[in-house]
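Subject: A structure for you to look at

Hello,

I am handing over the structure we talked about, and my notes follow below it. Please have a look at the model first and then read on.

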Amino acid sequence: MAGLSRSLDHVKDRYDVIVVGSGYGGGVAASRLARAGKRVAVLERGREVLTGQFPNRFPDLKNDFQVTGKRLRTGPTSALYDVRLGEDMHVLVGCGLGGGSLINAGVALRPDSRVFADEVWPGQIAQDGLLEEGFRRAARWLSPQSDPRAGTYTKYKALAAAGKGLGYEPIAPPVTVSFEASINAAGVAQPGCTRCGDCCGGCNVGAKTSVALTYLPDAVRHGAELFTHAGVRHLAKGKDGSWSVHVRRLDGNGAAPQDLTLSAPVVVLGAGTLGSTEILMRSREHGLALSDRLGHRFSANGDIIAFGYGAKFPIDAVGIGYPPKIEGMEIGAAVSGQIEIDDEADLSQELRVQEGVLPSALAPVLPVLFIPNGRLLGALQSLISGVYKGPFAKLQTFFAVSHDTAGGRIVLEDDQLSLVWPTAKDEPVYKRLDDILSSIVREAGGSYVKNPLAGTVMGHQPATAHPLGGAGIGRERGDGVVNHKGQVFDASAGRGASAVHEGLYVVDGAAMPRSLGVNPLLTITALAERAMLHMAQDYSLAFDDAAVGGAPIAPADLGSILTC
Ligand SMILES: Cc1cc2nc3c(=O)[nH]c(=O)nc-3n(C[C@H](O)[C@H](O)[C@H](O)COP(=O)(O)OP(=O)(O)OC[C@H]3O[C@@H](n4cnc5c(N)ncnc54)[C@H](O)[C@@H]3O)c2cc1C
Ligand code: SF4
């Protein structure tokens with residue numbers, strides 16, 4: 001099986017555009033700028049994982065965790081799950097060609113219109129019509145859809161039963177999953193979803209419409225070169241106005257790291273909230289004049305993952321994987337049902353509660369995970385009967401999203417990134433989430449387990465998989481790090497407050513200036529599409545987003561695009 005990426009041995013010194021990171025923001029930029037005829041290189045720190053190669057068993061999954069804390073660093077730099085342990089909050093992000101799309105649940109929701117009415121956004125965002133076009137393009141390429149069979153799954157019925165007692169009826173939210181065999185906009189033939197539940201472990205079927213199956217193959221088809229194991233350290237502006245991109249090779253298998261420097265007149269940062277902010281912070285240490293808002297307005301998007309244990313009825317919310325570990329079960333995608341708690345009067349009170357599924361590779365450790373919480377008996381029963389039949393068949397997993405105050409701050413100290421948010425655990429959103437989730441769990445007859453790892457190094461801090469901000473959009477450098485087009489403000493002495501660094505962009509989660517109140521992938525993608533439309537106007541570029549025709553390519557055979 002061949003993939004889309006190449007070895008850094010083949011990287012050139014200079015490109016028209018260098019895109020850093022390959023998640024939603026980076027993928028959009030790579031595809032659109034390659035379609036515009038630019039010579040594009042994508043630099044991704046993680047590795048490429050093809051469909052069929054995602055970790056399926058716990059021993060494999062174990063090697064796919066990298067954990068970084070103040071005095072701790074374990075796991076390979078190419079591990080898919082990148083966990084940052086913080087003193088105030090923990091953060092989980094994806095690492096690999098395709099970014100967070102490889103391991104997320106794919107819930108694709110548009111924020112309430114009041115989010116964009118907030119004065120934190122520059123007026124152009126709501127007024128110039130391109131955000132609407134960005135959402136249209138994002139939806140065309142990621143093709144979110146609700147599972148027509150959602151209501152038949154045990155986990156959905158359990159949410160419905162618990163929600164009923166509280167007066168809420170679940171809906172099936174749109175997810176970036178192909179429920180029938182289809183050919184996506186990038187010309188990749190996606191098989192229909194097997195409802196195995198393993199979306200957050202990586203889809204081994206090819207049914208999840210990830211960046212790795214859409215924007216990235218499209219970029220390669222239009223000539224972009226994708227490099228993995230390429231960790232960007234910092235950027236510097238040359239005298240001729242072009243950008244030097246300082247890269248650390250991470251493919252050395254433990255050998256002393258090698259550094260290389262590439263250059264391009266345009267650099268687009270899509271390294272995610274933590275990655276792009278870190279690169280800008282390190283660039284500032286090397287002399288790049290940036291807004292002093294850099295690192296500010298970090299939001300966790302009011303997001304938590306929590307559990308209910310000991311429900312009266314089965315939930316069936318542990319994935320079975322592909323090939324299936326057990327016959328005759330249909331779990332559904334990682335998220336099939338959602339309860340929506342709206343508040344016309346106060347946006348900050350709105351909540352989305354989604355029933356979730358734990359990936360099958362985690363199944364063998366579930367009993368161990370729950371032992372510290374004093375549930376030894378149930379855990380032992382599950383060890384004997386297997387997680388699909390014992391008490392873990394009644395384990396509920398929830399993803400919940402709301403709003404917070406974006407009061408966190410990302411800092412770089414001694415070359416290590418950390419998150420400072422001493423009041424995070426007191427954010428009102430967490431009490432609201434605990435109240436509603438414990439009511440839902442109580443209705444199901446179980447007990448609420450906020451964090452089964454609380455007794456370990458995880459402690460009692462909140463954790464998020466939706467980090468946002470750090471290089472937020474603003475009107476000028478006094479209130480943001482980038483403008484509404486994603487261009488980075490230039491804080492050099494003597495330059496106007498809205499002056500920008502020519503050719504430097506941020507188009508990912510880092511640019512979000514506030515919580516979105518819904519899962520962020522669709523908004524990040526839409527804003528990246530919008531930034532590309534502005535770039536096309538500013539640089540007189542022409543590209544469309546028409547679907548690719550011709551013979552479709554199988555997800556596990558993307559490498560054939562390279563030889564087309
Ligand atoms: C388990 C899980 C479930 C989730 N479920 C959902 C969901 O259902 N719906 C939803 O909307 N969102 C979900 N999310 C969040 C969503 O996936 C992220 O918000 C989204 O991926 C962010 O997109 P991005 O473009 O900002 O960056 P990312 O997708 O994070 O991509 C950034 C990329 O840049 C790379 N990178 C970082 N630093 C460097 C560097 N220095 N040099 C080179 N490369 C670098 C990273 O390895 C990564 O591949 C989930 C996240 C997780 C972890
Ligand atoms: S449920 Fe299984 S087959 Fe369907 S998208 Fe998720 S991982 Fe892929």
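Let me start with Trp121, which is buried, at 2% relative accessibility (buried means under 20% relative accessible area, exposed over 50%, partly exposed in between, with a 1.4 Å probe and protein chains only). Phe116 is buried too, at 11%.

Before going further, a word on the basis: this is a predicted model, where local features need pLDDT of at least 70 and side-chain atom pairs count only at pLDDT 80 or more, while totals for chains, interfaces and linings use all residues. Residues are numbered from 1 along each chain as its sequence is written, chains are lettered from A and ligands numbered from 1 in the order in which they are written, and side-chain values use heavy atoms, with hydrogens and water left out.

Now to the aromatic rings. The whole structure holds six aromatic pairs; rings of Phe, Tyr and Trp (its six-membered ring) pair if their centres lie within 6.5 Å, and planes under 30 degrees apart count as stacked, over 60 as edge-to-face and the rest as tilted. Phe116 and Trp121 make a tilted pair, because their ring planes stand at 45°, with centres 4.9 Å apart. Together with Phe135, these two residues form one aromatic cluster.

Phe298 and Trp421 are another pair: their planes are at 85° and their centres 6.2 Å apart, so the pair is edge-to-face. This pair links distant parts of the chain, 123 residues apart, with Phe298 in the loop between H8 and strand E15 (304–309) and Trp421 in the loop between strand E20 (416–420) and helix H11 (428–443). Helices (H or I, at least four residues) and strands (E, at least two) are DSSP runs, numbered from the N terminus. Both Phe298 and Trp421 are buried.

What surrounds ligand 1? There are 36 residues around it, and Glu44, Arg45, Val107, Gly509 and Leu521 come nearest (near means that a heavy atom of the residue lies within 4 Å). An oxygen atom of ligand 1 is 2.9 Å from a polar backbone atom of Gly100, and a polar side-chain atom of Asn104 lies 3.0 Å from an oxygen atom of the ligand. For Val107, a backbone N or O atom lies 2.8 Å from a nitrogen atom of ligand 1. Taken alone, ligand 1 exposes 1,000 Å², and the protein buries 92% of that (accessible areas come from the Shrake-Rupley method with a 1.4 Å probe).

Enjoy exploring!

Technical notes:
A polar contact is a pair of N or O atoms within 3.5 Å; within protein, one must be able to donate a hydrogen and the other to accept it, and residues adjacent in sequence count only if both atoms are side-chain atoms.
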